[in-house]
Amino acid sequence: MKKDTDVSKQVDHHSRAMLPIPDRPSPTLTTYDARDPDTNYPAIEPLLPPTGAPNVLVVLVDDVGFGASSTFGGPCETPTADRLAAGGLRYNRFHTTALCAPTRQALLTGRNHHSVGMGSITETATSAPGNSSVRPNTKAPLAMTMKLNGYSTAQFGKCHEVPVWQSSPIGPFDAWPSGGGGFEKFYGFIGGENNQWEPELYDGFKTIEPPASFEEGYHLTEDLADQCVGWIRQQKALAPDRPFFTYFAPGATHAPHHCPEEWVEKYKGRFDEGWDAMREVTFARQKEMGVIPADAELPPRHAEITAWDDMPEELKPVLSRQMEVYAGFLDHTDHHIGRIVDAIDDLGVLDNTLIYYIIGDNGASAEGTMNGAFNEMANFNGMADLETPEFMVSKIDEFGSPESYNHFSVGWAWAMNTPFQWTKQVASHWGGTRNATIVHWPERVKDAGGLRSQFTHVIDVAQTILEAAGVPEPTMVNGVQQSPMEGTSMTYTFDAPDEAERHDLQYFEMFGNRGIYHKGWSAVTKHKTPWVMVGGDLPAFDDDIWELYDGNNDFTQARDLAAEHPDMLAKLQRLWIIEATKYNVLPMDDRSSERFEPSLAGRPTLVHGNTQLLFSGMGRLSENSVINIKNRSFSVTAEIDVRDGGCNGTIIAQGGRFGGWGLGVRDGKLVFGYNVLGIQEFTTTAETSIASGKHQIRMEFAYDGGGLGKGGDVTLYYDGTAVGSGRVDLTQGIIFSADETTEVGYEAGTPVMSGYTTTDSKFTGKIQWVQIDTGDDDHDHFIDPEERYRIAMATQ
């Protein structure tokens, strides 16, 4: 007889609204002697979810537009998504928040992103409650609820929900997946992006190095899939009666677009006609497949996006290559997701596994400028002009390789969001927020291959999973009363393609781009262009121009009805204010570069004052874990022991191949290197070698001043005596890297200075201490060791 898997019909003797579930011992006779025949206690039973609760796999791919995957008519082949859609349901009106960290926190909590403090990314957090990046303890994550109800829980991949001042190896770990996040297993990275060839990785709370190198065939997505498959197999081997809740969130396809060359070659020549033509082809295919209505209209290209025909001819082969790399990257990612699905199938539990395959945490990213980027950090620092067309052409064969940190053009992002307007960060329009989504659960979903068009949102996923598992939304977690979840379960759509939508009101906002959806209508206003990151003139919020769309008859937001229905527009504008007030959206904040600076943004920092003391072996320190030396004068002092015969290697390095600085010894001489985006490198070398014995070496950088990213003069010292000088003509004023780190005595990831590799970077002498100073000092180019700790502590 077939087991009834509808958990709502099962008897559950646990009171699950309060978590952890309170222990309630059964009253029984207590005997004096265990041998007494009346000694009888109930059997110890492990905590399990309600009978029939499914396994759950949530897959969240990064930075993929609605029109990218073949499953929704796009040019990138995604056979795993195709397979799951054929056996499950496609959702063509599923929405995210327009940016990665906000979508992830909304997904993991079932609340709107401002409700859980994630109004934008963690790196731009402010002191405002809706933008603090701090999740209130009244809004416990879904994984914690699942774990405390007896699920095995694991996360693999990207975690972008940790406040930056809590992202060091010392914690605190309340916001980490294996801390307060509720995941018993975590293997992945903390932050917004990662080098796919040489990533920064954590296993739980411990920083680790990749298990192999690029030369040995390593790629992060494959590694994450290996770890996920291994964990699921072990979980089912050791606890087959316990369902799993697994969250697989690869760094793909966020920049850098790193992809094995054989996957890129598959797409060679497919994009030579450009983004305008690709958009038309995708739009026609979407209609043919039925994933958009037959009467849908394709909105025109905005003036801010250059037509393909108007791009420089010499740049077009590079632009085509960018899209070939991206397509291969998404195809490659889908392949490894398929390995996870295959592993679940091989275990015989696929039918009772609820799979969410969310193809993108926002729309495709337009953060790469119109020309694209060989190193996306150039645009983040307002230095995109360094990547001239000639430079880009010279690098064409290196896109996607370990030598690149690449991103594609705005034009490709726009095309990958077909049939909608705009891109990632633009929360006002569907191009930023409408993502292709698949639900697969054969034991519950019988309309295989069906399409669902009810309005749904990422905050609905948690409620759906809880209902599917038969687990109530908790009212108390770890002694803290919980506020209600803000989403709506999607289970009603599983069997009812035509049932009226239940989630019919939703606000959107990101950096001032904002909108409101209500019962088919949407009122929206684009405030800011995502690829203009530094500079640019922004209108006052009250001067923004609003648009009005009737989604009941206009799937793509192609016909602006604001002039025809001013009363409806006014009604929805008022409703946006109400919802924004309710969910901590206000005050809106459209600042960009200013919010990367903690003192301007108003968020805490891990390091206070103008001095930081570090010790040999410290490493994998994120940029926010080290004192900020940008746009100011600074010095680095170290006490080292030089053995007979000299020494070599890195004393301290911050960043890597794509931007940063380092101080080390090469051929027995002190060397300071400043690497600007991997494009220009400035090196200062001492004139004499360091003698054996104990020495204090020092580098002083005198900043020119006058704004961000200016240059400065370098002086090197041995024991207070100048031994070399040089010049750095320009610097990175906002960020070195999103994934490279700081190490003392060695380098992890990629090397800062050319001529080094991370394998030969280990310092061969002995480092007693390293001190970074950004304030004025009276040391006469030498720090008295007796005063070292007093100086460091006095400035904290």
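In this predicted model, Arg452 is buried, with a relative accessible area of 1%. This residue forms a salt bridge with Asp447, in which the closest N and O atoms are 3.0 Å apart, and Asp447, at 32% relative accessibility, counts as partly exposed. Elsewhere, salt bridges that share partners join Asp62, Arg104, Lys158 and Asp361 into one network.

The loop that runs between β12 (450-452) and β13 (456-457) contains Gln454, a residue that is buried because its relative accessible area of 3% falls under the 20% limit. The side chain of Gln454 reaches the backbone oxygen of Glu499 at a distance of 3.1 Å. When neighbours within four places in sequence are left aside, the residues in contact with Gln454 include Arg93, Tyr492 and Thr493, and also Ala496, Pro497, Asp498, Glu499 and Glu501.

The salt bridges of the model come to a count of 34. In general terms, side chains of opposite charge can pair when their charged atoms come close. One of the pairs is formed by Glu261 and Arg321, whose closest N and O atoms are 3.0 Å apart. Glu261 belongs to helix α5 (residues 261-265) and Arg321 to helix α7 (residues 316-346), so this pair ties together parts that are 60 residues apart in sequence. Glu261 counts as partly exposed, at 35% relative accessibility, whereas Arg321 counts as buried, at 7%.

Helix α7 also contributes Asp331, which forms a salt bridge with Lys266 at a separation of 2.6 Å between the closest N and O atoms. Because Lys266 is placed in the loop between α5 and α6 (275-289) while Asp331 lies in α7, the pair ties together parts that are 65 residues apart in sequence. Asp331 counts as buried, at 2% relative accessibility, and Lys266 counts as partly exposed, at 34%.

Attention may now turn to the strands. Strand β22 (residues 649-656) is mostly covered, with eight of its eight residues buried. This strand pairs with strand β23 (residues 659-666) in the antiparallel sense over seven bridges, and the two are joined by a hairpin through two residues. Within this pairing, Ala653 has Gly662 of β23 as its bridge partner.

Terms used: Residues are numbered from 1 along each chain as its sequence is written. This is a predicted model: local features need pLDDT of at least 70, side-chain atom pairs count only at pLDDT 80 or more; totals for chains, interfaces and linings use all residues. Side-chain values use heavy atoms; hydrogens and water are left out. Helices (H or I, at least four residues) and strands (E, at least two) are DSSP runs, numbered from the N terminus. Buried means under 20% relative accessible area, exposed over 50%, partly exposed in between (1.4 Å probe, protein chains only). A polar contact is a pair of N or O atoms within 3.5 Å; within protein, one must be able to donate a hydrogen and the other to accept it, and residues adjacent in sequence count only if both atoms are side-chain atoms. Contact means heavy atoms within 4.5 Å. Two strands pair if DSSP finds at least two bridges between them. A salt bridge is a side-chain nitrogen of Lys or Arg within 4 Å of a carboxyl oxygen of Asp or Glu.
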